[in-house]
Amino acid sequence: MAETCAQEQATTPAAGVPANVEVDNSYENDSAYGDELSSYSASLTSSVLDYRHENGRRYHKFRDGVYLLPNDEPENDRMDMLHELSLVLMHRKLYLAPIKNPQRVIDLATGTGIWAIDFADEHPQAEVIGCDLSPTQPSVVPPNVKFLVDDIESDWAYESNPFDFIHARSLAVSIRNYEKVIRESYRSVKPGGWVEFQDWDGYPTSEDGSHKGTGLQRFYDEVYGAFEGAGYEVRPGIKLEQWFKDAGFVNIHVEKFIIPYGIWPKDRYLKKVGAWCQTQAEALGFEGFAMAALTRFKNWTKEEVMVLASQARADGKRRDIHMYFDYYVVYGQRPENS
Ligand SMILES: C[S@@+](CC[C@H](N)C(=O)[O-])C[C@H]1O[C@@H](n2cnc3c(N)ncnc32)[C@H](O)[C@@H]1O
């Protein structure tokens, strides 16, 4: 993964931009112009935009098949709901790491780019990059954000231009070699810089066992079984701390949160978190989550997946099921003298 070779998304100027468009004089010589131009036009080529359509959903094309969740509008809406869920959960904080005046920041697997955009608004001095397999981020964004199409599981080439802060959120079921991404983050953050990962223990639980035997438990058992069989990391939350230690980070901090499914908790804060969790899952979240994993790896039909999803959705409305997920925010610092 390298900023120089990644395919940069073409952006359109915001409404109201003056006719005198400023010239980018940052290139070093004319011979580089052709390369730069081709990197822009590459973002429009079929390798990126000729999306895969399957069972009524749309999927990324770059590195076709490596990510099993859709990249269509319903999924993008769901991701934006996940962002709100995360903000409510973390008392409207985008991150917990004690960063100071970051200049160069990357959001790995940025999704709709909403975290990167909010971060860039909060830190106008910072240059913020969001990278993802899909170029589905908005084109009108703060001037200090740019989006790249790239695969975070490939080797990185950021060591010569490292970051002050590297952030990643909700990569459960997204990637296979999660530990390698953390090692690459260590290599690509400046000495003294911070890395923060926020992620799920995908398997739900309940203190009173009320989720057992329900459509919800069956859904997660079937779907995560398919993801795990295909090599994806489903429970990164519980492993992040050890991976950070193994990579060499110091000053590691772990914060564990609870995400209820639904509005069953009495506590107003948890009720609100649970409402967002249920809302995002009902926004075609169950189908989107399960469709590719079960049809590609377990030979289920689309109709069978829809039935599984609708049983989960129906049981999700029951107040007597007290299911929740554990969610972890882990950050660590690369030693100053490394
Ligand atoms: C559940 S979404 C999370 C999006 C975002 N981090 C957030 O919290 O709003 C997972 C994202 O990971 C991206 N992704 C999956 N595998 C990837 C890879 N190997 N390289 C880059 N992005 C990847 C997907 O395209 C998707 O946008």
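This is a predicted model: local features need pLDDT of at least 70, side-chain atom pairs count only at pLDDT 80 or more; totals for chains, interfaces and linings use all residues.
Residues are numbered from 1 along each chain as its sequence is written, and side-chain values use heavy atoms, with hydrogens and water left out.

Helices (H or I, at least four residues) and strands (E, at least two) are DSSP runs numbered from the N terminus. Helix 8 comprises the 15 residues 268–282. At the start of the helix, a side-chain oxygen of Asp267 comes to within 3.1 Å of the backbone nitrogen of Tyr269. Just after helix 8, Leu284 adopts a positive phi of about 60°.

Burial is defined by relative accessible area: under 20% is buried, over 50% exposed, and values in between partly exposed (1.4 Å probe, protein chains only). In helix 8, the buried residues are Val273, Gly274, Cys277, Gln278, Gln280 and Ala281. These residues cover an arc of only 165° around the axis and therefore lie on the same side of helix 8; the arc is that of the directions from the helix axis to the C-beta atoms. The elements covering the buried residues of helix 8 include helix 3 (73–89), strand 9 (250–260), helix 9 (285–297), helix 10 (302–316) and strand 10 (324–333), where contact means heavy atoms within 4.5 Å.

Strand 10 is itself mostly covered, with ten of its ten residues buried. In a regular strand the side chains alternate between the two faces of the sheet. On one side of strand 10, Tyr324, Asp326, Tyr328, Val330 and Gly332 are buried, and on the other Phe325, Tyr327, Val329, Tyr331 and Gln333 are buried. Two strands are taken to pair if DSSP finds at least two bridges between them. Strand 8 (residues 189–205) runs antiparallel to strand 10 and is joined to it by nine bridges; Trp200 has Tyr327 of strand 10 as its bridge partner. Strand 9 is likewise antiparallel to strand 10, with nine bridges between them, and Val250 is partnered by Gln333 of strand 10.

Across the whole structure, 21 salt bridges are found, each defined as a side-chain nitrogen of Lys or Arg within 4 Å of a carboxyl oxygen of Asp or Glu. In one of them, the closest N and O atoms of Arg187 and Glu159 are 2.3 Å apart. This pair links distant parts of the chain, 28 residues apart: Arg187 belongs to helix 5 (residues 178–188) and Glu159 to the loop between strand 6 (145–149) and strand 7 (163–169). Arg187 is partly exposed at 29% relative accessibility, as is Glu159 at 49%.

A salt bridge also joins Arg313 to Glu287, with the closest N and O atoms 2.3 Å apart. Because Arg313 lies in helix 10 and Glu287 in helix 9, the pair ties together parts that are 26 residues apart in sequence. Both Arg313 and Glu287 are buried. Arg318 and Asp320 form a salt bridge with an N to O distance of 3.0 Å; Arg318 is partly exposed at 37% relative accessibility, and Asp320 is partly exposed at 43%.

Technical notes
The expected span of a helix is 1.5 Å times one less than its number of residues. A polar contact is a pair of N or O atoms within 3.5 Å; within protein, one must be able to donate a hydrogen and the other to accept it, and residues adjacent in sequence count only if both atoms are side-chain atoms.
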